[in-house]
Amino acid sequence: MGGMCKILNRPDTAVQILDPRSILYFTARSIFFRNLHKKRARAMRLTVNGTVHDVDVEPEMPLLWVLRDELATTGVKYGCGIAQCGACTVHLDGQAVRSCQIWAEDAEGGEVTTIEGLGTPDALHAVQAAWIAHQVAQCGYCQSGQIMQAAALLAENDSPSDRDIDDALSGNLCRCGTYPRIRAAVKTAAQSLRGKT
Amino acid sequence: MSRLRKIARRSFLFGSVAIAGGVAFGAYMVRKPHDNPLMDGLAAEEATFNPWVKISGDTITLITPHTDLGQGAASMQAALIAEEMDLEFGQFDTEFGAPSAAYFNTAIAQDGAPFLTTDDSLTANLARGAMGSLIKLLGMQVTGGSSSVPDSFDKLRQAGAIARETLKRAAAQQSGIAVSALKTQNGAVILPDGTRLAYTDLAALAATIEPVQDVTLRDPSEWRLIGKPMQRLDIVAKSTGTLPYGIDLKLDGMAHAAVKLNPRRAPMNGFDGSVAKDMRGVLRILPVTNGVAVIADNTWRAFQAVDAVDCDWGEASYPAEMEAHWAGVEASFSPDRLDKEWRHDGDVPAVLAAGEAIEAEYRAPYLAHQPLEPLSAVVRVTEEKVEVWVAHQIPRFVQSQVARITGHTDDQVILHNQYAGGSFGHRLEFENVKLAAEIANQMRGTPVKLTFSREQDFAQDFGRHISAARGHGVVRNGKVEALDLHIASTSASRSQMGRIGQSLPGPDAQIPAGAWNAPYDVPNFRVSAYAVPELAPVSSWRSVGASSAGFYIESFLDELIHAAGADPMAERLRLCNYDLARKVLEAVAELSDWGRAQGPNEGRGVALVESFGVPVAEVVDVTATEDGIRIDKVYVAAEVGKVVDPVNFENHVQGAVVWALGHAMNCELTYSDGMAEQRNFDSHTGMRLYQCPEILVRGLENGPKVRGIGEPPVPPAAAALANAIFAATGQRLREMPFDKFVDFV
């Protein structure tokens with residue numbers, strides 16, 4: 001990992017690379033195989049927030065655009081399209097992934113959770129409640145992704161250190177600069193999740 | 001009137017300075033209020049008392065015409081009205097409202113007047129007044145220049161008070177009880193016996209009453225909302241993915257468009273869409289200004305197809321390579337390019353000639369805005385009207401720009417303003433709206449959503465100005481004796497105005513902003529601005545001129561202070577001649593415990609810049625580690641007259657510091673072959689979470705005017721960081737981004 005970090009000089013990217021589901025595998029595959037798939041649409045069954053959807057799209061259409069344009073799940077945001085900003089973060093089988101790097105066919109048979117499925121205004125997830133309590137959002141455009149990333153972290157580790165939080169969330173860009181509040185909200189959410197168990 | 005319009009148009013300037021001389025309007029024209037746009041389409045049972053309040057039998061609607069770009073403008077505006085109306089959050093809806101002259105900005109012009117904040121002379125006040133009158137006559141509805149709070153603070157409380165008093169009069173008519181015996185609370189008029197008459201129940205009667213204009217505003221001691229933490233109106237929606245941004249909208253039958261535009265911002269010679277036209281989902285391929293559009297049934301398909309269009313681009317009108325841009329800047333330090341000598345205290349040439357001058361040169365690069373929500377716009381054109389859904393800072397200009405393309409009148413263009421996923425000045429421009437209108441006009445009846453890919457957004461971004469500064473100074477007996485700063489810059493104001501067919505009369509006050517008005521009594525002090533002829537097109541980038549000029553003045557002053565062997569804080573305090581600015585310095589010295597002992601490899605820097613009428617002082621602490629510079633902590637004190645919402649204030653100041661430090665650390669837009677080389681966040685990143693220091697914030701309320709905080713914390717940050725790095729390492733950084741010279745961890 002040290003070598004990887006050094007080459008990339010970017011710990012956040014290294015975090016993603018260490019996660020074989022998110023970038024290394026998929027980027028490599030999209031480079032090598034994208035042309036083979038072109039224009040060959042087929043029916044696929046996706047489970048999003050517990051609801052089964054049949055879609056007829058190209059297998060390589062990024063999950064991001066299936067969610068946004070085909071299923072109107074617009075809490076998922078397009079920010080960069082190249083796994084640099086994290087605005088499109090969703091959970092695939094409980095793991096935080098960049099939906100701009102996941103092909104539709106990769107999500108087939110899996111459980112996709114978006115910000116809308118994490119919690120609702122009437123039934124907030126602990127992370128959302130903490131985000132509201134700390135009033136994290138300014139423009140708010142990155143916050144769906146931040147919240148999904150934080151929720152995935154806390155599902156694995158309910159007592160994250162500052163370093164754990166930095167490692168988990170540094171791939172999520174916030175142009176408004178709400179990082180101090182994001183850190184505080186993650187800690188509050190962790191506390192509230194620990195209280196529940 | 002036509003002559004008036006002409007004068008007004010010629011002399012109008014957004015975002016920076018002044019009006020030409022000789023503007024004389026009849027007092028009547030200036031005093032006459034604009035029509036209330038809420039009267040249009042008002043139902044019989046609905047009441048409106050002014051352009052900001054509308055009440056029906058079941059809903060109270062507050063109009064918040066300043067665009068919410070993420071800065072919390074909607075909540076702030078609603079709170080000011082609700083304060084005086086005795087409404088609680090949750091008892092009203094908000095709307096951005098239709099574009100209207102009634103929402104002209106009362107503050108932006110005054111702050112742009114080329115006079116010091118401290119200048120209370122007749123000339124200064126006349127100029128401010130004349131500019132304010134001009135903006136009113138033009139009906140300039142604009143969000144920008146950190147003016148939303150100053151524009152709204154009195155006006156919206158007044159609007160709330162008028163509504164309250166009119167509702168009381170209605171209650172008096174209905175109950176037969178004198179107005180003086182009535183109170184208001186919690187969305188209702190309260191009769192002496194405790195009976196509550198809800199505002200909504202009084203709406204129909206209130207609609208028949210002429211609004212009461214003679215109202216008294218609440219004493220600050222009675223404020224329930226102002227100055228206390230509020231829960232932003234949008235916070236739940238933004239934390240649950242349920243707030244629809246412009247890019248999220250979907251209308252029935254809507255088509256999705258993507259564009260590929262000449263990255264040299266010049267015309268397209270031709271294109272080959274033969275591959276794209278057969279791609280799945282593609283509906284149309286249309287040439288548009290400077291490029292081509294693909295319209296498809298899905299955004300991603302439109303992106304894929306437009307990528308497959310082969311385009312032949314024309315040449316850029318500006319230099320192809322970066323070296324030539326810098327050469328253009330350097331060549332402008334000449335008498336014939338002098339825009340204005342903004343300040344000359346003492347006798348700078350004589351002191352420089354007599355003493356041993358210290359010299360330094362600084363640079364600030366082009367930068368992209370790139371809010372995280374990419375530019376988009378939804379437009380539907382029919383014979384009778386054009387509807388536009390977009391987040392924009394100058395709504396009435398959207399109408400005129402679109403009308404020009406579709407052949408409608410301005411009034412036929414209906415703008416539905418949207419919550420924006422950030423702006424930082426990006427949404428003052430019109431390219432997304434104009435292109436969407438061009439496309440939709442060729443597909444009349446079909447709503448079209450144009451979405452910029454991040455790469456297109458970067459390539460077409462009208463970035464921050466490019467500039468350089470040359471400083472000459474003299475120190476004597478441990479004190480700064482002379483400071484001579486020459487700044488050469490391209491002009492965001494001229495570039496921006498040029499794109500809407502306007503020209504800037506007089507010098508551009510943004511070039512020296514933050515430097516010429518530095519609140520220091522250096523005995524010999526001169527600031528001169530040089531106008532660099534336009535290179536790449538540029539625009540207002542959060543804090544505009546002060547983002548670079550503030551870096552120059554506070555870096556060079558720091559160099560002189562170190563050369564004099566003085567303490568950076570003590571010498572600034574000694575030189576500071578403006579009471580409000582001295583107090584922010586004192587506050588930040590206390591907050592940061594300035595005198596405390598430093599560990600090895602630690603360093604701290606301070607900077608003070610006044611922009612948009614707000615003096616802000618910042619201290620940055622760094623440690624030089626083996627792997628690079630770590631920013632440990634930042635302390636900020638800002639003078640705003642009144643902090644409207646302490647939570648949002650702190651968030652906003654912290655965000656502005658992150659913005660400023662992030663770009664100073666690692667961002668620049670460079671050109672090669674006439675094209676921006678940075679096309680996504682991998683090469684123009686800004687600060688990430690792991691780099692973010694703790695940021696302590698203190699808002700001061702000593703000043704007589706209530707000011708906005710969106711931009712003023714940006715200018716001091718880069719200088720404070722460079723000054724801290726010097727203190728820690730002895731290395732003076734004079735050019736942004738700093739990661740050209742040091743690593744950051």
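This is a predicted model: local features need pLDDT of at least 70, side-chain atom pairs count only at pLDDT 80 or more; totals for chains, interfaces and linings use all residues.
In which order do the strands of the open four-stranded sheet of chain B follow one another?

**View 1. The open sheet of four strands in chain B.** Its order is β22-β23-β24-β27, and the pairing is mixed. The edges belong to β22 (602-611) and β27 (694-700) of chain B; each has a single partner strand, so one side of each has no neighbour in the sheet. Have a look at β22(B) and β23 (residues 614-625) of chain B, which pair in the antiparallel sense over 10 bridges. Here you will find Ala607(B) opposite Glu618(B) in β23(B). Helix α19 (residues 579-592) of chain B lies across β22, β23, β24 (628-639) and β27 of chain B, and it runs at about 135° to β24(B).

**View 2. The open sheet of five strands in chain A.** This one also has mixed pairing, and the strand order is β2-β1-β5-β3-β4. With a single partner strand each, β2 (51-57) and β4 (95-98) of chain A stand at the edges, so each has one side left without a neighbour in the sheet. From one strand to the next, the twist averages 40°. Strand β3 (residues 89-92) of chain A is joined to β4(A) by four bridges in the antiparallel sense, with Leu92(A) standing opposite Gln95(A) in β4(A). Helix α8 (residues 143-156) of chain A packs on the sheet and touches β3, β4 and β5 (111-113) of chain A. The direction of α8(A) makes about 35° with that of β3(A).

**View 3. Helix α21 of chain B and the glycine after it.** Residues 714-729 of chain B form this helix of 16 residues, which reaches 24 Å from its first C-alpha to its last, close to the 22 Å expected at 1.5 Å a residue. Of the 16 residues of α21(B), 13 are buried, so the helix is largely enclosed by the rest of the structure. Gly730(B) follows α21(B), and its phi is positive, near 80°.

**View 4. Leu721(B) in the largest nonpolar core.** That core has 193 residues, and Leu721(B) and Phe738(B) are those with the most contacts inside it. Leaving out residues up to four places away in sequence, Leu721(B) touches Val620(B), Val622(B), Ile631(B), Leu661(B), Met665(B), Phe738(B) and Phe744(B). Another core, of 47 residues, lies apart from the largest one and includes Leu38(B), Phe153(B), Val212(B) and Leu225(B).

**View 5. Helix α10 of chain B and its start.** Eight of the nine residues of α10(B) (residues 299-307) are buried, so the helix is largely enclosed by the rest of the structure. Among the buried ones are Trp300(B), Arg301(B), Phe303(B) and Gln304(B). At the start of α10(B), a side-chain oxygen of Asn298(B) comes to within 2.7 Å of the backbone nitrogen of Trp300(B).

View 6. You will find His426(B) in the loop between β17 (413-417) and α14 (431-441) of chain B. Its relative accessibility is 5%, so His426(B) counts as buried, the cut-off being under 20%. Not counting residues up to four places away in sequence, His426(B) touches His369(B), Gln370(B), Pro371(B), Leu375(B), Gln393(B), Asp457(B) and Asp461(B).

Conventions:
Residues are numbered from 1 along each chain as its sequence is written. Chains are lettered from A and ligands numbered from 1 in the order in which they are written. Side-chain values use heavy atoms; hydrogens and water are left out. Buried means under 20% relative accessible area, exposed over 50%, partly exposed in between (1.4 Å probe, protein chains only). Helices (H or I, at least four residues) and strands (E, at least two) are DSSP runs, numbered from the N terminus. A polar contact is a pair of N or O atoms within 3.5 Å; within protein, one must be able to donate a hydrogen and the other to accept it, and residues adjacent in sequence count only if both atoms are side-chain atoms. Two strands pair if DSSP finds at least two bridges between them. Axes are lines fitted to C-alpha atoms, for helices over the stretch in contact, and angles run from 0 to 180 degrees between N-to-C directions. Contact means heavy atoms within 4.5 Å. A nonpolar core is a set of buried Ala, Val, Leu, Ile, Met, Phe, Trp, Tyr and Cys residues joined through side-chain atoms within 4.5 Å. The expected span of a helix is 1.5 Å times one less than its number of residues.
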